[in-house]
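Hi,

Here is the structure I promised to pass on to you. Have a look at it first, and then read my notes below.

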Amino acid sequence: MIERIKCGMNNCYLLSQGDNTILVDTGTKADRKKILRACRGRNVRLIALTHGHCDHAGNAARLSRELGAPIAMHPADLPLLRDTLAEPLQSPGWTGKIMIRFIRLTKSRVSRSEPFDIAVELREGLTLAEYGVDARIIELPGHTRGSVGVVTGDGLIAGDALTNLFPPAGKAALWSDEAAMEASAAKAGALGDVMVWFGHGGPARNRAW
């Protein structure tokens, strides 16, 4: 079961099966108490990050200590923990350009995540059964080099590889590698008629992106 934790413009997710839960993404410092409340009474066995931007990984170190759960991420995104703009982002649309400008203006305030060690590397095909949840990882680079998605029986948690921040839902609004982003969108679309849970915006049915 996928449960959305709406944190302003960001989403985090609880992925649960039986008595086991995986927290997917961790929001920013402002979201910490809300996420901890959502995790209360849960057996959170893993914190999985869809990518390394600070609005998704910013609380990972602190929540790992609070919940006693290891952190999983693709290692290609480690540089983003030191600087969320370590991979320059681009977008052709005016909304994307506004978002990039906003990120740059707030860079000094929120651009870093507290350092942490990756206990589990999220690679293509990795299953999360060891943590009590029937799910697997697919690599979806483009928004960042290390962007991944989590595929479950309830659909795809796509992080920022796809977006629904400004409906209709579609491909990533921002990317570091456009060709990789396009390929990842097609890869997600090939999963068929499943629900997609985005890093930003509400869920929507999958389609040929």
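Which residues gather in a patch of positive charge on the surface? They are Arg4, Lys6, Lys33, Lys34, Arg37 and Arg40. Please keep in mind that this is a predicted model. Strand S1 (2–7) and helix H1 (32–39) each supply at least two residues of that patch, and H1 gives the most, with three. Lys33 sits in helix H1. With a relative accessible area of 66%, Lys33 is over the 50% cut-off and therefore counts as exposed.

Glu87 is another residue I would like you to look at. You will find Glu87 in the loop between helix H4 (78–82) and helix H5 (94–105). Its relative accessible area is 4%, so Glu87 falls under the 20% limit for buried residues. What does the side chain of Glu87 reach at 3.2 Å? It is the backbone nitrogen of Arg145. The Glu87 side chain also makes a polar contact with the side chain of Ser176, at 2.8 Å.

Two points of backbone geometry are worth a look as well. Most residues other than glycine have a negative phi, and most peptide bonds are trans. Asp25, which is not a glycine, has a positive phi of about 70 degrees. Asp25 belongs to the loop between strand S3 (20–24) and H1, and it is buried, at 1% relative accessibility. Pro167 and Pro168 are joined by a cis peptide bond, with omega about 10 degrees. Pro168 lies in the loop between strand S10 (162–163) and strand S11 (170–171).

How values were computed: Residues are numbered from 1 along each chain as its sequence is written. This is a predicted model: local features need pLDDT of at least 70, side-chain atom pairs count only at pLDDT 80 or more; totals for chains, interfaces and linings use all residues. Side-chain values use heavy atoms; hydrogens and water are left out. Patches are made of residues with over 30% relative accessible area and no salt bridge: like charges are joined within 9 Å, nonpolar side chains (Val, Leu, Ile, Met, Phe, Trp, Tyr) within 5 Å. Accessible areas come from the Shrake-Rupley method with a 1.4 Å probe; for residues, only the protein chains shown count as cover. A salt bridge is a side-chain nitrogen of Lys or Arg within 4 Å of a carboxyl oxygen of Asp or Glu. Lys and Arg count as positive and Asp and Glu as negative; His and the chain ends are not counted. The place of a charge is taken as NZ of Lys, CZ of Arg, CG of Asp or CD of Glu. Helices (H or I, at least four residues) and strands (E, at least two) are DSSP runs, numbered from the N terminus. Buried means under 20% relative accessible area, exposed over 50%, partly exposed in between (1.4 Å probe, protein chains only). A polar contact is a pair of N or O atoms within 3.5 Å; within protein, one must be able to donate a hydrogen and the other to accept it, and residues adjacent in sequence count only if both atoms are side-chain atoms.
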